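Trainee: Could we go through a model together? I'd like to set each label against its cut-off.

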Amino acid sequence: MNTLRVELGERSYPIYVGSGLLGRADLAQPHAPGDQVMVVTNETVAPLYLDIAVAAFSELQTDSLVLPDGEEYKSLEVLERIFDALLQRRHSRQTTLVALGGGVIGDLTGFAAATYQRGVSFIQIPTTLLAQVDSSVGGKTGVNHALGKNMIGAFHQPRCVIADTATLSTLEDRQLRAGIAEVIKYGLIRAPAFFAWLEEHMDELLDRQPDALAHAIRISCANKAEVVAADELEAGQRALLNLGHTFGHAIETGLGYGVWLHGEAVAAGMALAAELSSRQGWLGGSDVRRVASLLAHAGLPVAAPAALEPDQMLELMAVDKKVVAGRIRLVLLKAIGEAVVTDAFDPGLLRSVLDDCRQPASLSRAGNP
Ligand SMILES: NC(=O)c1ccc[n+]([C@@H]2O[C@H](COP(=O)([O-])OP(=O)(O)OC[C@H]3O[C@@H](n4cnc5c(N)ncnc54)[C@H](O)[C@@H]3O)[C@@H](O)[C@H]2O)c1
Ligand SMILES: [Zn+2]
């Protein structure tokens, strides 16, 4: 097992990464300060891992709640079901919420923990690659609104993150690839050597070789932990973690939540950001090709879906948390491993990228031509 730390003063916490951690009371229980625990999961994950996760809290009153599965359930209505369960089972302010699942369960449960009785403890037990490398670390929690992704939420740090890499064995290939998109993101924004490592070892990751996966998860979490420690509330550099996300969120909202996976939409968004960076004259042509070819090698999309018109994309991109005074700000690349947040791009070039980089109409899913 490896232990990383997110350094946030008295709110610092460990990230445990390893195989077979799920049932370990010695890791989980010390981070539940009261005598009650509510494990929140979904109907896909529950039959696989709920019993063993609950066993790690055997000395406490442990309740569980099984929600429907899907991005479309990351909503205020479903959040209310968590509050219903907490109140029905008389959970006090000393309770601990445990998120067992992917990023959807993590974001929902974290937001419930941020707001139930003005804030209670919570533990992240991420079971998708995406959640293990990204969403479980850093304290961003929230739900979607029909008009915009993640528009309602709060910063609320977990007490610990328990990333059991063995749980990835049951993940669908498409979900694994979506997680790889966020892994590639770290290479692109701040870790050029890691990007080169990914170019060398992508097949091993796709084959789920344990050493390769563990390395990718460790490096990703270490990068995320450093960024969050330096800028918890996203006053500056944390925004770089949004590379590809303004485009990606527009795709997710525009197609309807869950049609393209979050990681797929982010992959297309990173390819579009690289292309815009190149048309702006900031990124060399060979680097743009490296970005697109690594994403394609991972089986991820590198263009926007045909179903979304460029006008619609632009309109959706204007509903973004990075918009300041009506101007879209984007994360763009100066090099592989160097990103900037900027509104100093030519809007005409953005429009040309949206016009030119669309998948053929024959490709209705988030595949690769
Ligand atoms: N808070 C953050 O900082 C942050 C960062 C990145 C993404 N996100 C959010 O995370 C969400 C995406 O997360 P995700 O990709 O994990 O999606 P997800 O939570 O929908 O999980 C993907 C699918 O895998 C299933 N699953 C989970 N674990 C499994 C396992 N071990 N075996 C088999 N199936 C399993 C889930 O039930 C679901 O069907 C989006 O809502 C995105 O906005 C948040
Ligand atoms: Zn993301």
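**Labels and their cut-offs**

Mentor: Leucine 27 is in contact with Met1, Tyr16, Leu21, Cys160 and Ile162, leaving aside neighbours within four places in sequence; contact means heavy atoms within 4.5 Å. This is a predicted model, where local features need pLDDT of at least 70, side-chain atom pairs count only at pLDDT 80 or more, and totals for chains, interfaces and linings use all residues. Residues are numbered from 1 along each chain as its sequence is written, chains are lettered from A and ligands numbered from 1 in the order written, and side-chain values use heavy atoms, with hydrogens and water left out.

Trainee: What makes leucine 27 count as buried?

Mentor: Its relative accessibility is 5%. Buried means under 20% relative accessible area (exposed is over 50%, partly exposed in between; 1.4 Å probe, protein chains only), so leucine 27 qualifies.

Trainee: Where is leucine 27 found?

Mentor: In helix α1, residues 25–28. Helices are DSSP runs of H or I with at least four residues, strands are runs of E with at least two, and both are numbered from the N terminus.

Trainee: How do you know which residues are donors to the zinc ion (ligand 2)?

Mentor: Donors are N, O and S atoms within 2.8 Å of the metal (3.2 Å for Na, K and Ca); water is not among the atoms, so sites may look incomplete. Glu182 (OE), His245 (NE2) and His262 (NE2) coordinate the zinc ion at 1.9 to 2.1 Å, so they pass that limit. Glutamate 182 is in helix α6 (residues 173–190) and histidine 245 in helix α9, so this pair ties together parts 63 residues apart in sequence.

Trainee: Are glutamate 182 and histidine 245 buried or exposed?

Mentor: Buried: the relative accessible area of glutamate 182 is 1%, and histidine 245 has 6% relative accessibility.

Trainee: What is the angle between helix α9 and helix α10, and what does it make α9?

Mentor: The axes of α9 (residues 245–255) and α10 (residues 262–279) come within 7 Å and cross at roughly 135°. That makes α9 oblique to α10: angles under 35 degrees count as roughly parallel, over 145 as roughly antiparallel, 65 to 115 as roughly perpendicular, and the rest as oblique. The axes are lines fitted to C-alpha atoms, for helices over the stretch in contact, and angles run from 0 to 180 degrees between N-to-C directions.

Trainee: Which residues of α9 and α10 meet?

Mentor: His245, Phe247, Gly248, His249, Ile251 and Glu252 in α9 meet His262, Ala265, Val266, Ala268, Gly269, Leu272 and Ala273 in α10. They divide into 7 nonpolar, 5 polar and 1 charged. Ala, Val, Leu, Ile, Met, Phe, Trp, Tyr, Cys and Pro count as nonpolar, Asp, Glu, Lys and Arg as charged, and the others, Gly among them, as polar, so Glu252 is charged.

Trainee: What makes leucine 308 buried?

Mentor: Its relative accessible area is 2%. Leucine 308 is in the loop between α11 and α12 (310–317). Not counting residues up to four places away in sequence, leucine 308 touches Ala250, Ile251, Gly254, Leu255, Met313 and Arg358.

Trainee: And what makes leucine 283 buried?

Mentor: A relative accessible area of 4%. Leucine 283 is in the loop between α10 and α11 (285–297), and its contacts include Ala274, Val288 and Leu333.
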